[in-house]
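Colleague: Please take me through one part of this model at close range. Start with how its strands pair, then follow the side-chain contacts from there.

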Amino acid sequence: MPDSQTSAPRGGVRLARGASPWLLPTVATAALSLTRARRSGRWAAVAVPTTALAAGMLWFFRDPEREITRGRVISPADGVVQSIMPWKDGRTRVAIFMSPLNVHVNRAPLAGTVTSVEHVPGGFVPAFNKESENNERVVWHFDTELGDIEMVQIAGAVARRIVPYVPQGTKVEQGERIGLIRFGSRVDLYLPEGVEVAVEVGQATTAGVTRIDRD
């Protein structure tokens with residue numbers, strides 16, 4: 001499925017948009033330390049951790065291409081299903097915890113139009129904590145064939161910035177990249193009443209690949 005957010009070749013890996021403020025200084029420091037390490041043992045000692053950190057950053061901000069699964073609702077995030085909870089209004093909330101080892105680019109769970117993108121200030125407790133529901137977050141609403149779909153990107157203890165890729169009014173394809181959460185975090189997806197959940201608590205999910213609902 002084509003994705004307007006990417007220019008990488010099919011099967012390739014690109015770096016996530018929004019990574020530059022973290023990635024560029026780290027890579028620049030590593031490059032400088034490696035260059036000076038040739039002439040100084042002191043710089044050689046600095047080069048080891050800075051190079052390791054730069055490699056870790058490159059790995060963290062990876063944004064691989066995906067073969068998008070066909071289905072009504074697909075996972076917006078890589079991670080593990082943390083909880084599945086019925087909501088008072090009849091919807092079901094599926095919470096997906098994203099560790100620092102996961103890809104942190106989030107994708108549209110359905111095709112539709114972005115009707116709102118709201119940033120809500122809050123705290124930064126660990127995303128696996130129940131109190132993380134009061135963390136800083138971005139609340140998305142999509143007008144889809146299933147009606148209004150709500151998705152919430154929640155910042156974690158380290159993730160201090162959520163970067164939306166598309167504004168209100170944008171028409172998105174299912175599986176299209178829509179935003180990034182830096183470092184550990186959580187994504188909540190609210191399924192409409194009558195939609196049966198196909199995943200279970202503890203199950204690993206892949207954004208754009210794992211189907212969330214059942215026929």
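Modeller: Strands β9 and β11 run antiparallel and are joined by 3 bridges. A strand here is a DSSP run of E with at least two residues, while a helix is a run of H or I with at least four; both are numbered from the N terminus. Two strands count as paired if DSSP finds at least two bridges between them. In general, the strands of a sheet pair through backbone hydrogen bonds, either parallel or antiparallel.

A word on the model. It is predicted, so local features need pLDDT of at least 70 and side-chain atom pairs need 80 or more, while totals for chains, interfaces and linings use all residues. Residues are numbered from 1 along each chain as its sequence is written, and side-chain values use heavy atoms, without hydrogens or water.

Now the whole sheet. Its 3 strands follow the order β5-β11-β9, with antiparallel pairing, and the sheet is open. What stands at the edges? β5 (105–107) and β9 (162–164) do; each has a single partner strand, so one side of each has no neighbour in the sheet. From one strand to the next, the twist averages 25 degrees. For such angles, axes are lines fitted to C-alpha atoms (for helices, over the stretch in contact), and the angle runs from 0 to 180 degrees between N-to-C directions.

Stay with β11. Its residue Arg177 forms a salt bridge with Glu65, 3.2 Å from N to O. A salt bridge needs a side-chain nitrogen of Lys or Arg within 4 Å of a carboxyl oxygen of Asp or Glu. This pair links distant parts of the chain: Glu65 lies in the loop between β2 (62–64) and β3 (79–86), Arg177 in β11 (177–181), and they are 112 residues apart. Arg177 is buried at 0% relative accessibility. Glu65 is partly exposed at 23%. Buried means under 20% relative accessible area, exposed means over 50%, and partly exposed is in between (1.4 Å probe, protein chains only).

The structure holds 12 salt bridges. Arg211 takes part in two of those described here. With Asp213, its closest N and O atoms are 2.8 Å apart; with Asp215, the figure is 2.5 Å. Asp213 is buried at 2%, whereas Asp215 is exposed at 77%. Back at Arg177, shared partners join Arg14, Asp63, Glu65 and Arg177 into one salt-bridge network.

Next, the rings. The structure holds 2 aromatic pairs. Trp87 and Tyr190 form an edge-to-face one, 5.5 Å centre to centre with 75 degrees between the planes. Trp87 sits in the loop between β3 and β4 (92–98), and Tyr190 in β12 (185–191), 103 residues apart. Tyr190 is buried at 8%, but Trp87 is partly exposed at 31%. Trp140 and Phe142 form a stacked pair, 5.9 Å between centres and 5 degrees between planes. Both Trp140 and Phe142 are buried. Rings of Phe, Tyr and Trp (its six-membered ring) pair if their centres lie within 6.5 Å; planes under 30 degrees apart are stacked, over 60 edge-to-face, and the rest tilted.

β6 (112–120) and β7 (137–144) are antiparallel over 7 bridges. There, Val120 faces Arg137 of β7. β6 also pairs with β10 (171–172), antiparallel over 2 bridges. In that pairing, Thr113 has Lys171 as its bridge partner.
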